[in-house]
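Here are some exercises to work through with the structure open beside you. Try each one yourself before reading its solution.

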Amino acid sequence: MDWTNHDSDIRMWEETPVNMYLDDTYKAFVDSIVPRSPELGELYGMIQYYGALDFDTDEYVIMSMNSLDVPLADVGAEVLNTAARQYLYERDGEENVDSSSGGTYFARLNMDERLAVMSILLGPDRINYFPVQENFGLEELLPIFPIMNRLTFMGYYSEWWGYGSTRSLPPNQRVLEYFPGSWEQVGYPGPSLGYRAARSYDYTAGT
Amino acid sequence: MDNGYDADVIVIGAGGGGGVIAKELGEKGIKVLIIEAGPWYGNSKWPKPNEEPGAERSSNMADLDINLLKATFTDLEDDMNDAVSGKFRWGVANRDLSPWLRVVPKGGFTWQSAGVGGTTLLYFANSPRAYPEAFEKEWPITYQELIPYYEKVENTLPVREATGTSKEDLFYYGVKNMGWKYVQTKDLTEPGYRAQPNAILSVNPMLNNPDFDFENNQSVGCTLRGHCVNGCCLGPSVDTVAKRSTLVSYIPLALRTGNVEIMPNSFVIRINTGEDNNQGLYAQSVTVRNTWTEEIRELRAKVIVMSCGSIETPRLWLNSQLPENEWVGRGLTNHMIDCVSGIFEEEDLMNALGMSEINPFMGQNSAARFDYPGLGAFEPFGTSPGINSTMIYGTSQKGYYFQNQTTDEEPWDREGIIAGELLREFMREYRRTLSIVIFGDDSVNQSNGVYMDPLQKDENGFIPIISYELTKEDVAKRDQLVGLACEVLRSAGAKTVSRANWPPDVCAHIMSTMRMGYVTDIDCEAKQVKRLFIADSSVLCNGLGGPNPTLTTQALATRTAEKIVSKYFGQGTT
């Protein structure tokens, strides 16, 4: 395979500062969309076990959200945690909504509870669960969660994880270092120069 | 030019429409300057197009460099199509900077690319004509009138009947089992299926030969490698690349005329007008901002053509404070796209195809279609897994699949985003998955369109907000078409069928925001501003009934070039 951007001059790039609030929240989120699968691993081989946590999809989502004109990673985490807090409040009353753990309500939930919260954020009553943000109107807030969903798919199932040690560098400096694990899972062989796959099915004939 | 003008005609945007009109004008001896906001890939004057400013302009065929294009188009889907930082994104060439901001409130997105070639860089190259009945309904010109222009574009690109792979065969198997018939004509009046008319060079007849040497292949023609969407770079030279984005088709032809010059990395932020007794208000110049240096300059021409696409063209009009018109930015149609997918078992595939896998990554991204005048169209497709999974499982207005109870009447097994363990299971079946994308025949509504955010600005002006809502009738039509697509999957043998149900404001086929007859006259000249023409999908009068809009946009641009010449550059005119 022709690894990309081999000629790039790889410079040091500002590391995204470690922020547990963001980290925990996004890890919990991407893990809910693309979880590890012990079952598939057992049935079809170890490679099928791995999920978004193993392929750092949370980093991809945070990086992408923060590369927008108005950085959105913080707001995205806020959306999840506000909704989780509201969910806990409605279910348990005051007892579960103290902010002692730094506001990372979403990451504290089990998988079913997370999915329930995420459902609300895509459901018809979602408006009631969004955080009030001074700098954002509702029409800018509402699309954030769908964007986070789409990014998770692209981050996980594209080649991004294969950029290895260069995956957090600016895009021009990334070099594909190894074959992405997700491609192995789905059986995508990677880019190709062509296939002897022309078919001559007579589609014009009747059945 | 030494007459006070920078060109006879300035074309804003080098995408699906701009490239065409520039070539047509250039062939008639008109001096054209194309101003393009994004980068120019595969041109030796920009050896590192995403990293360094490079030159200012190019007008020379000899600058086109296929090796550079191959080095840039890596076939890697995140590198090419990442919405934030991909080479095909809606943003400046410098990928260290953010993409341009757009507000899409209902959870959709706009899938467009800046750059020479515009969104044709990433399109599937499906090039069907409009449905004649869609013309008869709303257009101020007849379908008949457009046919010679369709033919000219079909011969120039060229458009060829696509060669299918397994995914198409399976699709044909499904539609034939349902009793649908094959339709031969380009001018569709009744439902049926056919091979895609694709702007892709024919497959090399030796391709299936075991001796065909992919490594050292220097021949012209598609090799079914499956990278249409990630930017085809297959061919011995830039102008013979298999997928005919305007980057490799009309732009080289334009350069060959010796009359066309292209200035990439330059965003037109304003159209400036003059006024006289004879013409009234007329377009006089454009204000251009270099996206690397931020330098601002003014360039003058006798005629200005907007080919910025259906969002930026009305945005430019509004940000230039051109005269008010209640249809500027209004009437958006976008084919209210949806996706369905089916997973097949090995045994059923053996029965239908004689092989155990579909392998959606092989072949032209879409090489077959089903047309249904009155409802829309749908087509099987397959891409690399990041894009494919986002389209069929990652985008929905109905939340996650477990939020939706599917009824017996619904022809799909589940609806919504697929997440969790089920996503893992489904994607493990990627090679046995057939995907279908559906394009609805949405109606024109004045309330749908592009607004300017009253407060938020970027360096190019107030930013666009996309507003799109389906009528009840349109929803019903869309559901009917989606149902049909699901039936095709079932009848081909799919064991499980999923419907994504995309939000209404996913914008990939973006049309009719500057409609002919409302914003422009029938020659595509703005009614309120003389010498200002439109040659992009915004000037289409409606959604064409469902067919992919690029070919019609290109046919119309070909016609508009003639109108410009006869009105402003014929004998006795200046």
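Is B:R57 buried or exposed? B:R57 is buried, as its relative accessible area is 17%. Here buried means under 20% relative accessible area, exposed means over 50%, and partly exposed is in between (1.4 Å probe, protein chains only).

A quick word on the ground rules: this is a predicted model, where local features need pLDDT of at least 70 and side-chain atom pairs count only at pLDDT 80 or more, while totals for chains, interfaces and linings use all residues. Residues are numbered from 1 along each chain as its sequence is written, chains are lettered from A and ligands numbered from 1 in the order in which they are written, and side-chain values use heavy atoms, with hydrogens and water left out.

**Exercise 1. Find the salt-bridge partner of B:R57 and say how exposed that partner is.**

Step 1: A salt bridge is a side-chain nitrogen of Lys or Arg within 4 Å of a carboxyl oxygen of Asp or Glu.

Step 2: look for the partner. B:R57 pairs with B:E56, and their closest N and O atoms sit 2.7 Å apart.

Step 3: check the partner. B:E56 has 36% relative accessibility, so it counts as partly exposed.

Step 4: look at a linked group. B:K23, B:E24, B:E27 and B:K152 are joined into one network by salt bridges that share partners. Over all chains, the rule gives 46 salt bridges.

**Exercise 2. Work out which parts of chain B the salt bridge between B:D8 and B:K302 links.**

Step 1: confirm the pair. The closest N and O atoms of B:D8 and B:K302 are 3.2 Å apart.

Step 2: Helices (H or I, at least four residues) and strands (E, at least two) are DSSP runs, numbered from the N terminus.

**Exercise 3. Describe how chain B and chain A meet.**

Step 1: count residues. Chain B brings 80 residues to the contact and chain A brings 72, with contact meaning heavy atoms within 4.5 Å.

Step 2: look at the area. The two chains bury about 6600 Å² between them, 56% of it on carbon and sulfur atoms. Buried area is the accessible area (1.4 Å probe) that two parts lose on being put together, summed over both.

Step 3: find the salt bridges. The rule finds two across this interface. A:R174 and B:D78 meet in a salt bridge at 3.8 Å, N to O. B:D169 and A:R199 form a salt bridge as well, with closest N and O atoms 2.7 Å apart. That pair runs from helix α6 (residues 166-177) of chain B to the segment after α9 (181-186) of chain A. B:D169 is buried at 3% relative accessibility, whereas A:R199 is partly exposed at 26%.

**Exercise 4. Give the strand order of the seven-stranded open sheet in chain B.**

Step 1: read across. The order is β4-β11-β12-β14-β10-β17-β13, with mixed pairing.

Step 2: find the edges. β4 (192-195) and β13 (414-415) of chain B each pair on one side only; two strands pair if DSSP finds at least two bridges between them.

Step 3: β13(B) runs parallel to β17(B) (residues 496-499), joined by two bridges. B:E415 has B:R499 as its bridge partner in β17(B).
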